[in-house]
Amino acid sequence: MPSILNADLHCHSVVSDGTLTPEALAARAKANGVELWALTDHDELGGQQRAALAAKNLGLQYLTGVEISVTFINQTVHIVGLGFDADNPALQRGLMQTRGGRGQRAMKMSEGLAKAGIQGSYEGALKFAGNHELISRTHFARFLVESGVCRDTYEVFRKYLTEGKPGFVEHRWASLKDAVTWIREAGGAAVIAHPARYKFSTNEEFALFSEFKNHGGQGVEVVTGSHTAAEYLTYADAAREFGLAASRGSDFHSPDESHTELGTLPGLPGNLTPVWELLAHRIQHTSTSGPGASASTGH
Ligand code: AMP
Ligand code: MN
Ligand code: MN
Ligand code: MN
């Protein structure tokens with residue numbers, strides 16, 4: 001039964017806002033019993049080749065992954081891409097554009113925090129960023145914890161980094177249509193990440209799901225570290241209603257910060273198509289006999 005497979009198709013490395021290397025994540029996934037894994041760094045494919053190689057060496061099946069930042073009805077939505085060709089030029093170009101505004105945004109965030117009495121946060125956040133192109137709110141959060149302003153990163157987000165707070169800066173990311181199209185045209189499946197996290201009205205959420213589907217989106221995260229058990233069921237219903245496949249992923253970032261460990265979430269609720277069934281031909285197997293063993297992983 002494919003849905004019993006321990007698949008964890010959402011997590012972050014030092015290439016975006018995680019604290020572990022792709023190799024350490026692969027080892028951790030393996031130790032936790034994960035059988036099919038994807039590294040999904042924000043707006044960036046720089047960790048894909050390392051992740052795929054580490055997975056191969058550990059006997060872990062692998063799907064390429066990314067989490068694209070999108071603006072939809074003035075909110076940030078995350079679209080996970082899985083099983084694409086990481087060498088695809090249009091996808092690479094689109095991601096480069098998407099992450100391109102992060103440096104300026106970070107400087108503006110730093111100005112906002114300075115007005116609230118917190119100095120030097122741009123330089124402080126940069127120290128935590130393994131990839132300077134991917135400077136994110138998470139790196140600011142780590143700096144504010146290090147400097148003793150807050151106890152943990154959750155408190156930083158609540159007090160400083162969310163809408164209406166001093167370090168929050170409006171930003172326009174990729175369009176939903178572009179993100180889905182880049183993933184699809186690179187041979188992958190697009191998945192709506194952690195839908196319960198968005199603050200959409202019922203009508204807006206309906207618009208998100210229907211437009212996503214119309215653009216060729218194929219899946220939705222049902223079981224994720226960001227959802228409660230009740231939300232698993234809500235989005236299992238949404239998956240069935242919209243004819244979307246279901247995904248499962250911890251969204252693990254760090255042993256010190258994340259509440260959800262790699263590979264430990266419950267399985268998908270019944271009567272859903274697991275997204276990895278749609279991507280069977282894109283899975284990188286560990287033996288040369290498996291289908292898709294030679295799928296490209298990029299550089
Ligand atoms: P950015 O792409 O710079 O806007 O940063 C988004 C990242 O910040 C997410 O991927 C999460 O890792 C983290 N994040 C967002 N909201 C919160 C929150 N409320 N608490 C903790 N981390 C959060
Ligand atoms: Mn993140
Ligand atoms: Mn996300
Ligand atoms: Mn994520």
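Student: How do you know that Thr-138 makes a polar contact with ligand 1?

Tutor: A polar side-chain atom of Thr-138 lies 3.2 Å from an oxygen atom of ligand 1. A polar contact is a pair of N or O atoms within 3.5 Å, so the Thr-138 pair counts as one. This is a predicted model, in which local features need pLDDT of at least 70 and side-chain atom pairs count only at pLDDT 80 or more, while totals for chains, interfaces and linings use all residues. Residues are numbered from 1 along each chain as written, chains are lettered from A and ligands numbered from 1 in the order in which they are written, and side-chain values use heavy atoms, with hydrogens and water left out.

Student: Which atom of Arg-105 and which atom of Arg-137 lie by an oxygen atom of ligand 1?

Tutor: For Arg-105 it is a polar side-chain atom, at 2.7 Å from a ligand 1 oxygen. For Arg-137 it is a backbone N or O atom, at 2.8 Å. Taken alone, ligand 1 exposes 500 Å², and the protein buries 81% of that (Shrake-Rupley areas, 1.4 Å probe).

Student: What makes a residue count as being around ligand 1?

Tutor: One of its heavy atoms must lie within 4 Å of the ligand. The residues that pass are Asp-17, His-42, His-78, Arg-102, Arg-105, Ser-136, Arg-137, Thr-138, Tyr-154, Phe-157 and His-253. Ligand 1 sits in the largest pocket.

Student: Why is Ser-136 called buried?

Tutor: Its relative accessible area is 6%. Buried means under 20%, exposed over 50% and partly exposed in between (1.4 Å probe, protein chains only), so Ser-136 is buried. Ser-136 lies in the loop between α5 (121–128) and α6. A polar atom of its side chain lies 3.1 Å from the backbone nitrogen of Thr-138.

Student: Why is Gly-225 called partly exposed?

Tutor: Gly-225 has 32% relative accessibility, so it falls in the middle class. Gly-225 lies in the loop between β7 (219–224) and α10 (229–242). From Ala-186 it is 39 residues away in sequence and 27 Å away in space, C-alpha to C-alpha.

Student: Which residues are the protein donors of the manganese ion (ligand 3)?

Tutor: Glu-67 (OE), His-78 (ND1) and His-194 (NE2), lying 2.1 to 2.2 Å from ligand 3. His-78 lies in strand β5 (residues 75–82) and His-194 in the loop between β6 (189–192) and α9 (202–214), so the pair ties together parts that are 116 residues apart in sequence. His-78, at 13% relative accessibility, counts as buried, as does His-194 at 1%. Ligand 3 is 5.6 Å from the manganese ion (ligand 2).

Student: Which residues are the protein donors of the manganese ion (ligand 4)?

Tutor: His-10 (NE2), His-12 (NE2), Glu-67 (OE) and Asp-251 (OD), at 2.1 to 2.2 Å. The sequence spacing is H-x1-H-x54-E-x183-D. Between ligand 4 and the manganese ion (ligand 2) the distance is 4.5 Å. His-12, in the loop between β1 and α1, and Asp-251, in the loop between β8 and α11, are 239 residues apart. His-12 is buried at 0% relative accessibility, and Asp-251 is buried at 10%.

Student: What makes the phi of Asp-251 worth a remark?

Tutor: Most residues other than glycine have a negative phi. Asp-251 has a positive phi of about 60° although it is not a glycine. Asn-271 also has a positive phi of about 60° and is not a glycine.

Student: Is Asn-271 buried or exposed?

Tutor: Asn-271 has 70% relative accessibility, so it counts as exposed. Asn-271 lies in the loop between β8 and α11.

Terms used: Polar contact = N/O pair within 3.5 Å; in protein donor to acceptor, adjacent residues only side chain to side chain. 1 Å grid on protein atoms, 1.4 Å probe; cavity = no way out; pocket = protein on both sides within 12 Å on 5 of 7 lines; lining within 4 Å. Sits in = over half its atoms within 2 Å of the grid points. Helix = DSSP H or I, 4+ residues; strand = E, 2+ residues; numbered from the N terminus. Donors = N, O, S within 2.8 Å, 3.2 Å for Na, K, Ca; no water.
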